[in-house]
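Hello,

Here is the structure I promised to pass on to you. Please have a look at it first, and then read my notes below.

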Amino acid sequence: MTATISPLSEVTRSDAALRTFLHGLPGVDRVGADARAAGLGTRSIKTTAKAWAIDLAIRMVDLTTLEGADTPGKVRALCAKARRPDPADPSCPPVAAICVYPSMVPTAAEALRGSGIHLASVATAFPSGQAPLKVKLDDTRAAVAAGADEIDMVISRGAFLAGRYLEVFEEITAIKEACGKAHLKVILETGELVTYDNVRRASWLAMLAGGDFIKTSTGKVSPAATLPVTLIMLEAVRDFLDTTGRKVGVKPAGGIRTTKDAIKYLVMVNEIAGDGWLDPDWFRFGASTLLNDLLMQRTKLATGHYSGPDYFTLD
Amino acid sequence: MPSKKDAAAARTTTGAAAPARLAVRKTYKLFIGGAFPRSESGRTYVVADSKGQFVANAAQASRKDARDAVLAARAAFGKWSGATAYNKGQVIYRVAEMLEGRRGEFAALEVPESELDEAIDRLVWYAGWTDKIAQVAGGANPVAGPYFNISSPEPSGVVAVVAPSSPALLGLVSVIAPVIATGNTVIVISDAPRVAITLAEVLATSDVPGGVVNILTGSAAEMGPWLASHSDVNGLDLTGVADAKLALELEQAAAETLKRVRRPAAVDWSADPGLAPMTAYLETKTVWHPKGL
């Protein structure tokens, strides 16, 4: 978005203005949001629509490994899986991206070269975000320099919950600058934000600060992604597009393990944000085990009999 | 304030006729993962007694119940196959104990006394086999080299079984016990719902971990093909399939994923079952280990 005069350009001028704006956002009706999300989860998606949804969901997966025990070998195996999720079926699309720790970025960059698959790296002292800004910026620059074209940052929940919104805003702005051309996904860690109102505020804050994606969770905190929280974030990106003309993506991450869950999310994307978001550029799933379930369901639809985990790689 | 007990006593002493009790009838549901859910499809079918009179509605399982049962059986497999043979024997013996305690219930379901005895004895027999089958089906092999060479029988995994409809109890016990005695987990299709689900209640109260035995009541012709072609099912027992055409179809579907299939000819249920029901779902693991320096 160009720096045209917009009603929002004023709100980030001072801590007080930002607080007034964020607290002026309409409150979230918790019961209503839960009921709406549960209602959308009951849609029945079958046969050709299901096949389409499964292929789309595979293309939206950010195949993730974020363990202390990650090795270059494991990351290479994951990259091979990202290129060809189902080696037995050439019609199976590749996933959207690989998501790893910064130390694994060089390995992954080499393994993904020429595939068109994005390479995301978590940064900014993931998953807690409890580090000085300088360390976070260096972390980000190192990941980008090593070849990551997407950065998943965590916000300082401590500062956010204490009401120091401008501090969070400036931090995201600084990281966005450090990203250069890389896309920035801002992890709100909704499991630590306590209320749905806070989720809405954090979403707007991250979008105002220039985030290209807003992401629910690190996957290290329970609850991770839930349907109602994603619903609130989808409403936020929809309203943000209406207000500013800039489109922001959404990425639920953590806890989405089955095809049934993934399809519920896709239904919600279509109903809340609109079909403009039904695209890997604008909606992603942060997941690891989800992919195997998608592949098993895909095989079931193609062959007519139930598939089993023995026929797919473990990670 | 008078307690309920006082009130009840007062009612009796006043001599007023106590209202007739509402009949409490049992709902025959499925047995999946240690729980008793209704069929996902919501379907039921009518069970009649030997005189053709209505006795109960039983849940009619669907292919999705079968799919859920496979998930439950797979989840239970790791722990059950890893349990010690001694422990498995104790658990199966415990099933015999519980069955002994519920003789009355099975008698009410028209299970003859002699069949009940045989069913209990068969459980005890298989309980004894759990820690002996490894010696009989495996062993140390003489090899021409400086190696120890040891073969040990390992469970295949998840086994789908079509139970015979008659003799209901003895038939059911005779197909379940050998499969779980060797460390497999099992999904049983039975069309004798009252006996099958009453046996499920016995299993649920006898330390058999949830998911080790799953019982689906309904049609083998409906669920059989889904289980026979399911990639996460490792074995298929067609003992209860009377229809030769269906049995052939199931065998062919099972061949696609290289399942171990057992389809015995006419079975004499009172005779010694031998080792075949147990060895059918065992695979031999052979280990070569260097000997000496």
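**Between the two chains**

Between chain B and chain A the count of salt bridges is zero, a salt bridge being a side-chain nitrogen of Lys or Arg within 4 Å of a carboxyl oxygen of Asp or Glu. This is a predicted model, in which local features need pLDDT of at least 70 and side-chain atom pairs count only at pLDDT 80 or more, while totals for chains, interfaces and linings use all residues. Residues are numbered from 1 along each chain as its sequence is written, chains are lettered from A and ligands numbered from 1 in the order in which they are written, and side-chain values use heavy atoms, with hydrogens and water left out.

Chain B and chain A each bring 10 residues to the contact (heavy atoms within 4.5 Å). About 930 Å² is buried between them, and carbon and sulfur atoms give 51% of that; buried area is the accessible area (1.4 Å probe) that two parts lose on being put together, summed over both. B:Arg67, B:Trp226 and B:Ser231 supply 45% of what chain B buries against chain A, more than any other three residues.

**Inside chain A**

Strand 2 (residues 97-100) of chain A runs parallel to strand 3 of chain A, and four bridges join them. Strands here are DSSP runs (E, at least two residues), numbered from the N terminus, and two of them pair if DSSP finds at least two bridges between them. A:Val100 has A:Ser121, in strand 3 of chain A, as its bridge partner. Of the five residues in strand 3 (residues 118-122) of chain A, four are buried (under 20% relative accessible area, 1.4 Å probe, protein chains only).

Best wishes

Notes
Buried < 20%, exposed > 50% of the residue type's maximum accessible area, 1.4 Å probe, protein only.
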